[in-house]
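Visitor: Could you take me through a close look at a single part of this one? Pick a loop residue and tell me what surrounds it.

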Amino acid sequence: MTIKRRNHGRAKKGRGHVKPVRCTNCGRCVPKDKAIKKFQIRNIVEAAAVKDINEASAYASYQLPKLYIKQHYCVSCAIHSKVAAAQHRSSSLGGAVGAGVWCFNKASVNSFVLFIILHSGY
């Protein structure tokens, strides 16, 4: 059966099972390694109100705190909200088309064995 992606759409290599997380947008249960993650750092106050707050504050140089949010998206929500985009087929297989797939026909195996014999010093 043909494969679409080299890692099968996941980042789980030696792990048998990965805990699920909830999609930020729709609430779907997605494995943590498959979810598209986005770390967002924002000011608590929007840019329009920052000047008013700085003028009204009692401290001369008060640094406003920030919001640190880690968002998890399922694949369909990430594509729909343009957090992630579909990639070209060659990049999903790891380089050029067919770069991650070994081709074992007789000619390539024979030439490879001949190359090994010539360079090993037999």
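Guide: One term before we zoom in: accessible area here comes from the Shrake-Rupley method with a 1.4 Å probe. On that basis, the protein chain in this predicted model exposes about 10,400 Å², and carbon and sulfur atoms supply 58% of that area. Of its 122 residues, 14% count as buried.

Now to the loop. The chain has four helices and four strands, running β-β-β-α-β-α-α-α along the sequence. Asp-33 sits in the loop between strand 2 (29–31) and strand 3 (36–43). Is Asp-33 buried or exposed? Its relative accessible area is 14%, and the cut-off for buried is under 20%, so Asp-33 counts as buried.

What does the side chain of Asp-33 reach? One partner is the side chain of Arg-10, through a polar contact of 3.2 Å. The Asp-33 side chain also gets to the backbone nitrogen of Ala-11, at 3.3 Å. Setting aside neighbours within four places in sequence, Asp-33 touches Arg-10, Ala-11, Lys-12 and Val-18.

Not counting residues up to four places away in sequence, Val-30 is in contact with Lys-19, Pro-20, Val-21, Ala-35 and Cys-74. As for the chain overall, among contacts with a separation of 6 or more, 58% join residues 24 or more positions apart.

Notes. Residues are numbered from 1 along each chain as its sequence is written. This is a predicted model: local features need pLDDT of at least 70, side-chain atom pairs count only at pLDDT 80 or more; totals for chains, interfaces and linings use all residues. Side-chain values use heavy atoms; hydrogens and water are left out. Contact means heavy atoms within 4.5 Å. Helices (H or I, at least four residues) and strands (E, at least two) are DSSP runs, numbered from the N terminus. Buried means under 20% relative accessible area, exposed over 50%, partly exposed in between (1.4 Å probe, protein chains only). A polar contact is a pair of N or O atoms within 3.5 Å; within protein, one must be able to donate a hydrogen and the other to accept it, and residues adjacent in sequence count only if both atoms are side-chain atoms.
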